[in-house]
Amino acid sequence: LATSNVPVWAAEFSDGSDVAVTSEAAAPVAEDTESFSDETVDAPVVDDAAEEVSTAQVADGYTVNTNMELKAGDWDKGLVFAVKDGVEAKDAKFEVLDKNTVPKKVTKIEIYSGTAMLNDKTVTFANGETDVTNIANALAGKKVGLDAYKNSKQVTVKFYVEGENEAVFEQTATVKPVDISNGWTANVTKSNGVYNGTIQTPELTVTKSTYEDAKFVVQFADEKEAKNVGTYNYSVEGVEADGYVGTFNVPTPYTITPATPTKDNLSVVVSGNATYNGSKTQPTVVVTDKLTNTVIPSELYSVSVTSTSAGTYTKDNVTVTLNATATTSDNKTLTNNFASGAVTDKDCYSGSYTVSALDLSKLGEKYDISVAAKTVGQSVAESDFTFVDKATKKVVLFADALPSGVSIITSNNNAVGTGKVTIKATDVTNTNIT
């Protein structure tokens, strides 16, 4: 995820050595020096595919005898002014010589991003400084800062010497985003929540010793968002615009637990005109998640009633019991966002309904009914009936279509031909079956 912002090496050398080219014809050539005219040198073009190296400039009339360079680094670290690759630290050298080859003390170093000097990023040496270790340590104490990354993704250090108001030497290096995939830690302060109908995210910080807390986004592994009851694995990804890249998995998942049903989050609406069918007598019930205004699938709850007799009933005759999970007819698993068990808050319920007596004479209005062939003398049993619901075209068992309390009467079955079967109430005084 990281992008690199890469200047190219701009010193004029005949080969890969550190031999300087002086700007004064009479000046001696010093080993391991860098010399440039004071002509304007364009800032290097940043190429993400290029190698990350430093650029350097030396003012006219000065020579810098050095094997040091400003190293590319991320913005949340101090500046790294160190020996070039292949040079041992003990051999570090940095010396500014004027046109008479007189060593000059460094009095000030200013730190820029592009053309803008960074706030509170000036190093001063009251008595001047020539020791390369002290200079490197002073720069190490100056964190590059996010502004440098956002401004130009480069940082430039300008060296001033005694008696000069203009910089005599400068070096530029790449400023990179901080990569959180290496050695960073997720400190989770909230790893669970109760279902509330909205998208939830874990609460955490991403930290590393000596660094500022990272700016990041949460990426869930299997879902785009965490909203419903369940367990969610996730990772954090650095926000490049804010100076961070990289990603890593957080070991603690985020969990959303079911909500307790209340009048504020769940509604149960009862309605309709049911026909008496014994213990299977039920009104029309619609259970709605008020937090998202969605109807809860009927597989996730069951309905029971206090009384099934013919009559008029209020909501108080109904109890809905929620299931934690369910499997649909096409084998999909459903999870309830509300706690399993009976919905006891009666303020969740509303509506009323009626139950009409079962009129056996109108059974053919709801079902197509057929009876299996029988031999002479045989009586028709429940298993010989086939009920097909005219509305749904589904086959319904006798015990589901009719309540207990009915009898099957077989007649005209003493000879080959067409027999007769009658369904009637067992108890003629039963007002629920007519």
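Helices (H or I, at least four residues) and strands (E, at least two) are DSSP runs, numbered from the N terminus. With that in hand, let's start.

This is a predicted model, where local features need pLDDT of at least 70 and side-chain atom pairs count only at pLDDT 80 or more, while totals for chains, interfaces and linings use all residues. Residues are numbered from 1 along each chain as its sequence is written, and side-chain values use heavy atoms, with hydrogens and water left out.

First, the overview. The protein chain has four helices and 36 strands. Of its 434 residues, 38% count as buried. Buried means under 20% relative accessible area, exposed means over 50%, and partly exposed lies in between (1.4 Å probe, protein chains only). Now contacts, meaning heavy atoms within 4.5 Å. Take the contacts in the chain with a separation of 6 or more: residues 24 or more positions apart account for 60% of them.

Next, the core. A nonpolar core is a set of buried Ala, Val, Leu, Ile, Met, Phe, Trp, Tyr and Cys residues joined through side-chain atoms within 4.5 Å. In soluble globular proteins, nonpolar side chains tend to be buried together. Here, the largest nonpolar core holds 93 residues. Which of them touch the most other members? They are Phe 94, Phe 159, Val 320 and Leu 402. Look at Val 320. Leaving out residues up to four places away in sequence, Val 320 touches Val 268, Val 285, Val 287, Tyr 301, Ser 302, Val 303, Gly 341, Ala 342, Val 343 and Tyr 349.

Now helix α1, residues 132-140. Its buried residues include Val 132, Ile 135, Ala 136 and Leu 139. What covers them? The cover includes β4 (68-70), β6 (81-83), β7 (94-97), β9 (106-113), β10 (116-129) and β11 (154-161). At the start of α1, a side-chain oxygen of Asp 131 comes within 3.0 Å of the backbone nitrogen of Thr 133. A polar contact is a pair of N or O atoms within 3.5 Å; within protein, one must be able to donate a hydrogen and the other to accept it, and residues adjacent in sequence count only if both atoms are side-chain atoms.

Let's follow β9. Six of its eight residues are buried. Two strands pair if DSSP finds at least two bridges between them. β9 runs antiparallel to β10, joined by six bridges. Ile 109 has Val 123 in β10 as its bridge partner. These two strands make a hairpin with two residues between them, and Gly 114 in the turn has a positive phi of about 65°. β9 also pairs with β11, antiparallel, over six bridges. There, Ile 111 stands opposite Val 157.

Strand β3 covers residues 63-66. Thr 63 and Asn 65 point one way, Val 64 and Thr 66 the other, and all are buried. β3 pairs with β7 in the antiparallel sense, over four bridges. The partner of Val 64 in β7 is Val 96.

On to an open sheet. Four strands make it up, in the order β15-β20-β18-β17, with mixed pairing. The edge strands, β15 (192-194) and β17 (216-220), each pair on one side only. Inside this sheet, β18 (residues 230-238) and β20 (residues 247-257) run antiparallel, joined by seven bridges. Tyr 234 stands opposite Val 250 in β20.

Asn 277 lies between β22 (273-275) and β23 (284-289). Is Asn 277 buried or exposed? Its relative accessibility is 12%, so Asn 277 counts as buried. Its side chain reaches the backbone oxygen of Asp 400 at 2.9 Å. Not counting residues up to four places away in sequence, Asn 277 touches Asp 400, Ala 401, Leu 402 and Pro 403.

Lys 153 is in the loop between α2 (146-151) and β11. Its phi is near 60°, positive in a residue other than glycine. Lys 153 is partly exposed, at 24% relative accessible area.

Finally, Asn 412 sits in the loop between β35 (406-411) and β36 (420-425). Asn 412 is not a glycine, yet has a positive phi of about 55°. With a relative accessible area of 54%, Asn 412 is exposed.
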